[in-house]
There are 2 protein chains.
Amino acid sequence: MKRNSRLSLALHTLCHMASDPGRVRTSADIADHAGTNPVVVRRVLGKLRQAGLLSSEKGHAGGWQLAKPAHGITLADVYLALDERLVSRDTGDTEPSHCHVEEGLQTRVSEVLEDIEESLVQRLRETSITEIHPKSCSYCDD
Amino acid sequence: MKRNSRLSLALHTLCHMASDPGRVRTSADIADHAGTNPVVVRRVLGKLRQAGLLSSEKGHAGGWQLAKPAHGITLADVYLALDERLVSRDTGDTEPSHCHVEEGLQTRVSEVLEDIEESLVQRLRETSITEIHPKSCSYCDD
DNA sequence: AAAAACGCAACCGCAAATGTTACAATTCAT
DNA sequence: ATGAATTGTAACATTTGCGGTTGCGTTTTT
């Protein structure tokens, strides 16, 4: 696991789940397969649960599974669930610079980036996680 | 200097230069105005020089200025000059995961993101740096 | 020769993200 | 009931990227 790993981990896991929706997986299983740590998995999948994409059960024989039909889950759902943003949200923490160039600049650039963000989500909404898996996977145990 | 500062610094500086193309500015001047450090300025503007947007002169009375007419410089030129990428370029450093889900995923997601990247650049290309500056700036000394 | 500027390399320090450990709470099997 | 398995979460450690800083060599003008 290295960079941009939250989104990557989330999508990977969901795709596996989509190809065998009945199976309940533990965070340890998932972490093993993804080459990371159970706690990291729970962190990321927790976001997906908050967004209603996954459900988890505690205790013996507990674990994670899809909370709704896989074909209804799009890349956009995942992207948004994780609070990912290409456009770094302007937190307004930049002190006013007393410089008109700066203001005009911010405005222009923000306009474009907001638009782009929106069209990205629109595009992501067109692909469901069921459309990812190419065929049965001989290496993975799904 | 804090957020997304390379692009921000580059655009800000270019816009000022566009409004007074004759003037040669030192990295110290620019750093002062931008609230940062001359070395950082040289780092960023160096990229713009490599891309042919700026020229710099060493020695006494040296400094930076536009290398071509301002109206011919678009936001896309700057974005590309800095090697900015929404899509984190796959450097191929991810070891093959022996997992078909992973491969299919990479492919699909990359397709979408590449498309988005392209349309972003297309959008940025529509705005020249001369279109940013709202009016004469009473605070800045340009 | 001195001053002013860039070019560059080598660090420092901070902030964000990931990785790790620990432990409480919950659930199931026996 | 007890124990094992699992999530939830907090706290801490480690890594990484980036801006900031320092230092010094090179170039140009005076």
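The following dialogue explains how several terms apply to this predicted model.

Visitor: What kind of model is this, and how are its parts labelled?

Guide: The model is predicted, so local features need pLDDT of at least 70 and side-chain atom pairs count only at pLDDT 80 or more, while totals for chains, interfaces and linings use all residues. Residues are numbered from 1 along each chain as its sequence is written, and chains are lettered from A in the order in which they are written.

Visitor: Which helices and strands does chain A have, and in what pattern?

Guide: Chain A has five helices and two strands, arranged along the sequence as α-α-α-β-β-α-α. Helices (H or I, at least four residues) and strands (E, at least two) are DSSP runs, numbered from the N terminus.

Visitor: What makes A61(A) count as exposed, and what is its phi?

Guide: A61(A) has 7 C-beta neighbours inside 10 Å, so it counts as exposed. A61(A) is also in the loop between strand 1 and strand 2 of chain A. Its phi is near 65°, a positive value in a residue other than glycine. Most residues other than glycine have a negative phi.

Visitor: Where is D83(B), and why is it called exposed?

Guide: D83(B) lies in the loop between helix 4 (75–81) and helix 5 of chain B. It has 11 other C-beta atoms within 10 Å and is therefore exposed. Phi of D83(B), a residue other than glycine, is positive, near 65°.

Visitor: How do you know that the buried residues of helix 2 of chain B are on the same side?

Guide: In helix 2 (residues 27–34) of chain B, the buried residues are S27(B), I30(B), H33(B) and A34(B). They cover an arc of only 130° around the axis, and therefore lie on the same side of the helix. The arc is that of the directions from the helix axis to the C-beta atoms. Their cover includes helix 1 (5–18), helix 3 (38–50) and strand 2 (63–66) of chain B.

Visitor: Why are helix 1 of chain A and helix 5 of chain B called oblique to each other?

Guide: Helix 1 (residues 5–18) of chain A and helix 5 (residues 100–124) of chain B pack at an angle of about 120°, with their axes 10 Å apart. Axes are lines fitted to C-alpha atoms, for helices over the stretch in contact, and angles run from 0 to 180 degrees between N-to-C directions. Angles under 35 degrees count as roughly parallel, over 145 as roughly antiparallel, 65 to 115 as roughly perpendicular and the rest as oblique. Helix 1 of chain A and helix 5 of chain B are therefore oblique.

Visitor: What makes helix 1 and helix 3 of chain B roughly perpendicular?

Guide: The axes of helix 1 of chain B and helix 3 of chain B cross at roughly 70° and come within 10 Å. These two helices of chain B are therefore roughly perpendicular to each other. R6(B), L9(B), A10(B) and T13(B) of helix 1 meet V44(B), L45(B) and L48(B) of helix 3, where contact requires C-beta atoms, placed from the backbone, within 7 Å.

How values were computed: Buried ≥ 20, exposed ≤ 12 C-beta atoms within 10 Å, placed from the backbone. Contact = placed C-beta atoms within 7 Å.
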